[in-house]
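Let us walk through this structure step by step. Keep the sequence beside you as you read.

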Amino acid sequence: MLIGEIKIKKLIHSSAIVSKSAILGNNVTIAPYAIVEENVIIGDNTTIGANAHIKPYTTIGKECRIFNGAVLGEIPQDLKFENEQSELIIGDSTTIREYCTLNRGTSATGKTIIGSHCLLMAYVHIAHD
């Protein structure tokens, strides 16, 4: 697709499931069997690994690397959570390794924020807020 002088490239494997309402930046790569649900924003030059699951109300910055099996934006693991709308925000140039789980916020703050230039190693769990 061409917009003005900028060529937009999205590399989405045929087995990936990506919501039509997800907003994908330029040069986003989505590997086999990954799932990107509605109300998701993914920044330019970000890669989503195989079997990763990106849940609603998740924003991923540019130049991030999300590895295989990560689950981002699931509801928080907090017994006080009452299905209120909250979000997960991940900064630019952050690496999230295999099988990490990062949950949305609760009514306490409404969001879970991961900064830019972070490295979350395999199996990290961020419960909420």
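Contact means heavy atoms within 4.5 Å. Setting aside neighbours within four places in sequence, T95 is in contact with R65, F67, C118, L119 and L120. T95 sits in strand β15 (residues 95-96); strands are DSSP runs of E, at least two residues, numbered from the N terminus. The relative accessible area of T95 is 11%, so T95 is buried. Buried means under 20% relative accessible area, exposed over 50%, and partly exposed in between (1.4 Å probe, protein chains only).

This is a predicted model: local features need pLDDT of at least 70, side-chain atom pairs count only at pLDDT 80 or more, and totals for chains, interfaces and linings use all residues. Residues are numbered from 1 along each chain as its sequence is written, and side-chain values use heavy atoms, leaving out hydrogens and water. The average pLDDT (the predictor's confidence in each residue, from 0 to 100) is 93. Residues 1-5 have a pLDDT below 50. Where pLDDT is low, the predicted coordinates should not be read in detail.

Now for the charges. A salt bridge is a side-chain nitrogen of Lys or Arg within 4 Å of a carboxyl oxygen of Asp or Glu. How many salt bridges does a search of the whole structure find? It finds four. K55 and E37 form one, at 3.1 Å from N to O. The two residues lie 18 residues apart, and both are buried. E74 and K55 form another, at 3.8 Å. E74 counts as partly exposed because its relative accessibility is 29%. Shared partners join E37, K55 and E74 into one network.

Conventions:
Helix = DSSP H or I, 4+ residues; strand = E, 2+ residues; numbered from the N terminus.
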